[in-house]
Each structure stands twice: as C-alpha cells, then as structure tokens.
Amino acid sequence: MTFDRVAPFYDLLARLAFGQSLRRAQLWGIDHIRPGSRVLVLGGGTGGTLAHLLARQPSYVLYVEASAVMLKMAKQRTQPHAPVAFVLGTERDVPAMELFEYILLPFVLDVHLIDTLTTHMLPRLLAHLPAGGQLIVTDFDRPQRYWQRAYMWVMLRFFRLTAGIPVKTWTNWPQTLWQAGLVEQDVCLFRAGQVRSGCWVRA
C-alpha cells in the first residue's frame, strides 16, 4: 500500500470531493494540543496542516509518513529550524522508548483492516501513549445517507486501484478503539456526520 502515485494531486482531489471539511476536521483536533507537548503524527500526508500544528508550539513533533513523495512535500512546507523530525515509514518505525502526549491519526485507521488495527497498529501506538495522553483521530464515520455511501463506494475503489489499500468496505474503527479500552472524550462531526474528529483517552 502506497500513496506515492496520488501524492501530487491528493490535496486537490480532497478539496474537489470534500471542500474544506477534511481540513476543518483535522484543525479541530489539532486545536486540542497544549503548548510544550510531544506530538506523534502518523500518516500526515503532504503536511497541509503541519503549520497549524506548529503554531500550537509543541516541544517536539515526530512526523511519520509511509509515502516518500508525501513526506518530501511535507518537508518542503516546514521551516528549517522547526522542532520536527521526519520519518519515512509506519508505526513500526517509531523509536521504541518514545512517548507522546498526543498521537494524531488523520484518515489513517479507515484504510486498514480490523485485524491489522487490533493486532498490530493499536498495540504499537498505545505503547507510545502515557497515562493522560490522547489519540486524536480524524476519519470517515459510518456512512448513513445514500450520498455518503456513494462517496465511500467510489473513494474506496479509487484508492484500491491507485494506492492498493486492502479494505473494501468502511472500517468500524470507533468500535475497534472502544474494544482497545479507549473512550472518546470529545467529538465533533463534519459534513453532515460523514467525517468525525475525536479525542480518545484510556478508560
């Protein structure tokens, strides 16, 4: 699975399909970050919200992205002396002893199978989250309306062809987080509930 092929036009495609709703949902989550915090961003893409994150004055940001093309674009959007370390990879490439007050997951969970989330991704991520830390998840919620189901159908098939994502239907990531012992402390819905952004903490 790689988004290298769609990286050059990914942001444009997102704006054409969803307007500013995806960006607004991500910014809502970022606005919960306290100054001086350590932040892990997994799957931040081309870095379109990185400047807003840095404006929150974190002490350190680890930016992990699996697409080399997207990672390069994110680096180009960042000032040379910003407190950001860029890593090409996935949650497996986060240094073992690193802890973060916040872990940002922007449109990451929905492209993975439930089994991958429960047995690999979430256990690794939670190992980097101390007591009181938050997972800030922004992702597509369960489609309820006809037009939402149509959007989901088209989107999943497009990214199965262009990026090789393994999922064929919506991933029930909220239930997976609940089963992992997390509670959604704050939540905001966008685009008539199609997009969900929430702050998750350990129960």
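Biologist: What makes the radius of gyration of the protein chain agree with a compact globule?

Modeller: With 203 residues, a compact globule would come out near 17 Å, and the protein chain has 16 Å, so the two agree. The radius is taken over C-alpha atoms, and the globule rule is 2.2 Å times the number of residues to the power 0.38. Those C-alpha atoms fill a box of roughly 45 × 40 × 30 Å along the principal axes. Please keep in mind that this is a predicted model: local features need pLDDT of at least 70, side-chain atom pairs count only at pLDDT 80 or more, and totals for chains, interfaces and linings use all residues. Residues are numbered from 1 along each chain as its sequence is written, and side-chain values use heavy atoms, with hydrogens and water left out.

Biologist: How do you know what counts as a helix or a strand?

Modeller: Both are DSSP runs numbered from the N terminus: helices are H or I with at least four residues, strands are E with at least two. The protein chain has seven helices and seven strands, in the order α-α-β-α-β-α-β-β-α-β-α-α-β-β.

Biologist: Why is helix α2 called largely enclosed?

Modeller: Because eight of its 10 residues (21–30) are buried, where buried means under 20% relative accessible area, exposed over 50%, and partly exposed in between (1.4 Å probe, protein chains only). Among the buried ones are Leu22, Leu27, Trp28 and Ile30. The buried residues of α2 pack against elements including α1, α3 and β5, with contact meaning heavy atoms within 4.5 Å.

Biologist: What makes Arg38 partly exposed?

Modeller: Its relative accessible area is 25%, which falls between the two cut-offs.

Biologist: Why do Asp141, Glu184 and Arg196 get called a network?

Modeller: Arg196 meets Asp141 at 3.3 Å and Glu184 at 2.4 Å, so each pair passes the salt-bridge rule, and the three residues are linked. Arg196 and Asp141 are buried, as is Glu184.

Biologist: Which residues touch the most other members of the largest nonpolar core?

Modeller: Leu53, Leu105, Leu135 and Leu177 do, out of 62 residues. Such a core is a set of buried Ala, Val, Leu, Ile, Met, Phe, Trp, Tyr and Cys residues joined through side-chain atoms within 4.5 Å. Leu135, for one, touches residues including Ile103, Leu122, Cys199 and Trp200. In soluble globular proteins, nonpolar side chains tend to be buried together.

Technical notes:
Salt bridge = Lys/Arg side-chain N within 4 Å of Asp/Glu carboxyl O. Lists of a residue's contacts leave out its neighbours within four places in sequence.
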